[in-house]
Amino acid sequence: MKVEAKLDFQTSTAPKTGADLLIDLLINEGVDTLFGYPGGAVLPIYDAIYRARGNIKHVLFRHEQGSIHAAEGYARITGKPGVVIATSGPGATNLVTGITDAMMDSLPLVIFTGQVARGVIGTDAFQEADVMAITTPITKHNYQVQDISDLPRIVKEAFHIASTGRPGPVLIDIPKDISAGELSQIPEEGAIHLPGYQPTTKPNPLQIKKLTDAITKSRKPVILSGAGVLHGKASKELTAFAEKHKIPVVTTLLGLGTFPANNPLSLGMGGMHGTYTANMAIYESDLLINIGARFDDRLTGNLKHFAPNAKVAHIDIDPAEIGKNVPTNIPIVSDSKEALVELINQTAESPDTEGWLETLNKNKEEFPLWYKHDPNGMSPQWLIEAIHKVTNGNAVVTTDVGQHQMWAAQYYNFEKPHRWVTSGGLGTMGFGFPAAIGAQMASPGNTVVAIVGDAGFQMTLQELSVIYEQNLPVKIIIVNNGALGMVRQWQELLHGNRISESILHSQPDFVKLAESYHIRGLKIESQEELITKLPEVFAYDGPVLMDCRVLQQEKVFPMIAPGKGIHEMIGVKPS
Amino acid sequence: MKRIISLTVQDRSGVLNRVTGLLQRRQFNISSISVGPTETEGISKMTLVVEVEDDQRLEQVTKQLNKQIDVLKVSDITDKAIVARELALIKVAGSSQLRSEINGIIDPFRALIIDVSKDSLTIQITGRPDKIDALIDLLRPYGIKEIARTGLTAFLRGHQPQVNELTTYSQIK
């Protein structure tokens, strides 16, 4: 191939190896942070990182899983791809959970894995794994670099694919002899050539007209707002659209913050642990407008009873999501913002939703979220409310999966987008704390709170080293009920109270644990203690771990039991 | 229902794995698959015969295939005017004395005997799968020793009747 030296790289010296070229390409893409862990097959890349220090920052995690969850947190906050580096074999396989998590929640990541040299691929060489086959079903796309001259094109395409259309993780597997290979000439600057990838971002005007007409005719319209609104940066447009036609808004778990929780049109979160009002609104609606949500089973409940009387409109940038779970009358393949702007610009009569809103407001008053205050201990819900108060509802909140996640979703009333970092689709324990590290790095000025369970935290707590080293003021709140709370809840409610292996009988002393990592630790056992300590903790400019002992028996309500319809919530009122 | 889906794909390593892996993960049953190069360098054609329950599942499989970066085009050509062919090799027990009798059977199918040995004959047949099935049934009494089939390959005829205008890929239910 024709090779010309025409790249204007930011490093002063000319690239010497494939790895040097790679680092230059990353700097060219605007990458400021690498989340990684070195190893044999990426030694040449780490050598290049060493030589390029000052131009690109690398953060060393203590486990590959930590690095990729941090990259996810970074991507969720910035909307930019998080960049991960891991070595071959175990390094790559340790990323699998994070890659799948990012795939399920549509987070842009570009992941580089080392691979054994081309000559020994397929021989079961030391630390060899078939990373391409392993990651094909869990990435948006993946590449193995076979020729160094392909590297500029592959890197450019990877960033393009990861961050456009429906975002997702893209992996690049780099054999060691490619990264170590000396460059005789600088390859041509990469040009994107992807004839099979052209996402539709502009809505079809005919379908917009159809939806506008349907809105005018509707009496009980509801908007369902999902993470697609975050990816399209369309929160303002969503609010303008909802207010223009006085349409109430339900958000999904990942859509929290896309519509301000204090807006009178907000019905809160829908789904398994959503509000009664939100779920009944969907159940009774005659027009359901889904914007960027994927009708996940935790939202819909039993599909037979989902929005039985509604005409369904679905705006999604991924055509495969439309009609996948719920039959759709008005399909709109589009970027959320493009579609919302078109919808706002339509001149159309607004529907008369006054009676509808009145019914919903009555539901809001009669069936609010509830929990019991126990004089003998701290309710986890109260704990979340206290955190909301002390942070003025402005913090970036990250969580794992389970009870604490649902309480955070229910009681931390998000007013703004890009404040909520949670593992939605995959439901990954151990996600919240490393994700908080990435989120804090992405937004140094913001308060970042990792609300985690005592079980999930123990899956990735080794990253405490990172917040100390990087001096990141992440606040870790362990909602400690000494159990796998959600598992225990299901065992109690659905498995005849047979509490099987869901109680953690011994725990580390979390305070001493934090201290051993040079981090301030506090144990909180009562509401009074929390009230005294919380302001001080959040005023402190450094990381703090709070081990908050909450009531073990507390359950997440209301709830749609598995297999039940969206209208069959239990625990909607105190018993 | 069986559907014939024609895919135009980039000829890159792993593309077959991407397609079959996707179908497995989304629980679609592949009856046959055939792949080969096309008139354009770097572009391959795949013909899939898949078993799907209903139109919604069919729409889902075409959409999921379309999402693959290396897949350029997906069309369900089942209801179109198409030419579709499969090749089968059938080894039948029997000495060369049977040859004229078997020739009489295979002649209307325009099949050929392409190998003869002491105790077997090999027949080559090309056609639509139902025609191949029919010949196999007729040959069964002679004792079939081995069958190898290529799977279906197909594309659109040069002329498509106007009345039978069907969508290749719809996003609309």
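The legends below describe close-up views of a predicted model. Local features need pLDDT of at least 70 and side-chain atom pairs count only at pLDDT 80 or more, while totals for chains, interfaces and linings use all residues. Residues are numbered from 1 along each chain as its sequence is written, with chains lettered from A and ligands numbered from 1 in the order in which they are written.

**View 1. Chain A meets chain B.** The contact joins 19 residues of chain A to 19 residues of chain B (contact: C-beta atoms, placed from the backbone, within 7 Å). Helix H6 (131-135) and strand E12 (330-333) of chain A each supply at least two residues of the chain A side. Helices (H or I, at least four residues) and strands (E, at least two) are DSSP runs, numbered from the N terminus. That side has 13 nonpolar, five polar and one charged residues (nonpolar: Ala, Val, Leu, Ile, Met, Phe, Trp, Tyr, Cys and Pro; charged: Asp, Glu, Lys and Arg; polar: the others, Gly among them).

**View 2. Domains 1 and 2 of chain A.** Domain 1 spans 18-180 and domain 2 spans 205-366, with bounds from an automatic or database assignment. Their C-alpha centres lie 37 Å apart. Each domain gives five residues to the contact. On the domain 1 side, these are one nonpolar, two polar and two charged.

**View 3. An open sheet in chain A.** Six strands run in the order E2-E1-E3-E4-E6-E5, with parallel pairing (pairing: at least two DSSP bridges between two strands). Strand E2 (57-60) and strand E5 (141-144) are the edges. The twist averages 20° from one strand to the next.

**View 4. Strands E4 and E6 of chain A.** E4 (109-115) and E6 (169-175) pair in the parallel sense over seven bridges. Gly114(A) stands opposite Ile174(A). Helix H5 (96-104) packs on the sheet, touching E4 and E6. The direction of H5 makes about 145° with that of E6(A) (axes: lines fitted to C-alpha atoms, for helices over the stretch in contact; angles: 0 to 180 degrees between N-to-C directions).

Note on methods:
Two residues are in contact if their C-beta atoms, placed from the backbone, lie within 7 Å.
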